[in-house]
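Biologist: I have the sequence and the coordinates open. Walk me through them, please, one question at a time.

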Amino acid sequence: MTTDLFVQSLTSGLTQGCIYALIGLGFTIIFSVTGIINFAQGDFVMLGGMLSFFLAKSAGLSLLPALLLSILIATLIGAVLYLLAIRTARRASVVSLIIITIGAAIFIRGIAGRIWGANPVAPPFFTGDSPLSILGASIQPQALWIIGTTLVATIVLHLFFSYTMMGKALKACAMNRTAATFVGINPRMMALIAFAMAAALGALGGVIIAPLSTTSYNVGAMLGLKGFVAASVGGFRSQIVTVIGGIMLGLVESLAVALNWGPFTSAYKEAIALVVLLLILLIRSRKLSEEERAG
Amino acid sequence: MLAILKRNKWSYLAMVAFLFLLILLPSQWFLGQKTFLLTLIGINTMVTVGLCLLMGYTGQVSLGQAAFFGIGAYFSAILSTRYDVNPWLAMLIAAMVTGAFAYVIGYPIFRLRGNYLAMATLGLGIIVWIMFKELSQYTGGPDGLGGIPNLSIGGFAFDSNLKRYFMVWFFCVCVLLISQNIVRSRTGRALRAIHSSEAAAESVGINIAQFKVKIFVLSAVFASLAGSLYAHHTHAISPSSFDFLGSVMILVMAVVGGLASIWGAIFGAATIQYLKSEILVQLGNNDVIVYGLLLMLVMIFMPKGLFVSLRDVYNGWRQRRSQRGVVT
């Protein structure tokens, strides 16, 4: 493999990995606070990307307001999802909640397909599309935006959970829901915040990746799965391990495709992530089921 | 042996009435124009029953049933078109391969529970779907395979929708009776015990892993048989029938039928297949919106499933009426 190809696939793996990390963070936050896996998580990435494209193109908003508004709308949809579908199904079993969030996922997908059509779209780049040359490889400036935004988001999230009252309340809920209610924390409010935050993180991933890799109404399922891989590396508890897991997955995927050896061709790119998923689940199966019982 | 016939005369009569209805349905003055649809309903019922046994009775999620359905369809199609294998033999090979596959992956995968099991089966389903698309020298790639022959016995070919209707429903009734027997047997009680508490089930000597894998293999074999019949019914298959949405369709049918109900599976399969081919086609590709809504609404308001909830309402009404009858 030549240096420029290596740098090229390293960057593309890193950028994809950042998106998996953001989705994984969403999974981790919701699961640690509520014990629910939101199978619609990947669809918020799609919502972010699609909304930013149509707000910028059709509604004619300039870039920054379009981006912020997309994230805001997706966050509201996340909150509504919790209020209408999760909260109304009180005392639902794990199986019921899985089915409900899958229903929500394909409902959101269906509505998106209905409104925006089936063609893939690409919102404009944040700062032009003239590629930078790094070690002989040409890198889109958008890739730097993605890496930078993810880094900032991870740090802000860490600060939020460590130093703000609300962040600490969420953390308390994640550690012990019953004990948290004793000190006056409302777990339902915290669950609402967790769903909204997860939606915002997904949408953030969506608006930064969509200019580079295009988006369409049905990308959610696959992205959700990969974010799930990232979150299961972190055991659905540790945010920093989730971010590392997401980035590792992105790198493994893109380097495996770049090697182009045996079955690792681009046709099987998606299958690589799924095999990694199965391996991680099986390796961590005991630990994960203990977590689930505790959570 | 047939537990249902022993139970009481009413279930015996219901069974006879059901078979009678099956024979009457395709006649010209009834639903004679719809035999293609009615056959698809039979095929879907077989897949749905498998998922009901797994999800409703045992409490284990599978979001990849379409993969087994697809493996059955592809093995039948490939063996009978490219290698001139007798279609019945191809069907048997398909079922055995699917069963073996489910057995091999069953043991590791059923060490997982709940959410993780759901994601693992979802991932597995997508891997198999990718293989249908990419192994194009065997599967014909995204375009799929055509020219799949009819099944035949001796010189008698199942070459019309009506003939296939009776053949498919013969298989379907067999699958329903087998499932009914399993549910009412020692195995069925073990499965329900696993559903309510794995620790309790284990403590009375139930081998949890073995029962879960057994029922998973059975559901896979049902799906594979249905897939083979599907291939010989439509004569052409493509990967798009066996994707994630395919697995979701099976899930919708099971949910509408009531997860823990063998006979509800017919109701679920019939309702959803009818919705899909007769009503939602007019909405273009927007049928997923309806499926999403159905999944959410049924699970939020009737976690036991639509069919079972309606049956409970009816039973409650009948009970109240009979109690009133005693008082007056």
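Biologist: Which residue just after H3(B) takes a positive phi?

Modeller: This is a predicted model, so every value here is computed from it. H3(B) covers residues 35-57 of chain B. Just after H3(B), with a phi of about 80°, comes B:Gly59.

Biologist: How far apart are the end C-alpha atoms of helix H3 of chain B?

Modeller: The helix has 23 residues. At 1.5 Å a residue they should span 33 Å. The model agrees with that, because the end C-alpha atoms are apart by 31 Å.

Biologist: Where is the kink in H3(B) centred?

Modeller: The kink is about 25°. H3(B) is also mostly covered, with 20 of its 23 residues buried. The kink is centred on B:Leu51.

Biologist: What span should helix H4 of chain B have?

Modeller: H4 runs over residues 65-82, which is 18 residues. Count 1.5 Å for each residue.

Biologist: Is H4(B) largely enclosed or exposed, and which residue with a positive phi follows?

Modeller: In H4(B), 15 of the 18 residues are buried, so the helix is largely enclosed by the rest of the structure. The residue that follows H4(B) has a phi near 55°. That residue is B:Asp84.

Biologist: Now the whole of chain B. What is its radius of gyration?

Modeller: Chain B holds 15 helices and two strands. For 328 residues the globule rule gives 20 Å, and the chain comes close to that, so chain B is as compact as a globular protein of that length. Its C-alpha atoms fill a box of roughly 70 × 55 × 45 Å along the principal axes. The radius of gyration of chain B is 20 Å.

Biologist: What share of the residues in chain B is buried?

Modeller: Take the contacts in chain B between residues at least 6 apart in sequence: 76% join residues at least 24 apart. As for burial, the count runs over 328 residues. The buried share is 48%.

Biologist: And chain A: what radius of gyration does it have?

Modeller: Chain A has 12 helices and two strands. Along the sequence they read α-α-α-α-β-β-α-α-α-α-α-α-α-α. A compact globule of 295 residues would have a value near 19 Å, and chain A agrees with its 19 Å.

Biologist: Which residues is A:Ala194 in contact with, leaving aside its neighbours within four places in sequence?

Modeller: Contact here means C-beta atoms within 7 Å. Outside its sequence neighbours, A:Ala194 meets A:Ile29, A:Ile30, A:Val33, A:Thr34 and A:Leu170.

Biologist: Last, the interface. Which helix gives the most to the side of chain B that touches chain A?

Modeller: Here 36 residues of chain B are in contact with 37 residues of chain A. H6 (114-134), H12 (244-257) and H14 (287-301) of chain B each supply at least two residues to that side. The residues on it divide into 26 nonpolar, seven polar and three charged. With 13 residues, the helix that gives the most is H6(B).

Note on methods. Residues are numbered from 1 along each chain as its sequence is written. Chains are lettered from A and ligands numbered from 1 in the order in which they are written. This is a predicted model: local features need pLDDT of at least 70, side-chain atom pairs count only at pLDDT 80 or more; totals for chains, interfaces and linings use all residues. Two residues are in contact if their C-beta atoms, placed from the backbone, lie within 7 Å. Helices (H or I, at least four residues) and strands (E, at least two) are DSSP runs, numbered from the N terminus. Ala, Val, Leu, Ile, Met, Phe, Trp, Tyr, Cys and Pro count as nonpolar, Asp, Glu, Lys and Arg as charged, and the others, Gly among them, as polar. The expected span of a helix is 1.5 Å times one less than its number of residues. The bend at a residue is the angle between axes fitted to the seven residues ending there and the seven starting there. A residue is buried if 20 or more other C-beta atoms lie within 10 Å of its own, exposed if 12 or fewer, and partly exposed in between; C-beta atoms are placed from the backbone. The radius of gyration is taken over C-alpha atoms; the globule rule is 2.2 Å times the number of residues to the power 0.38.
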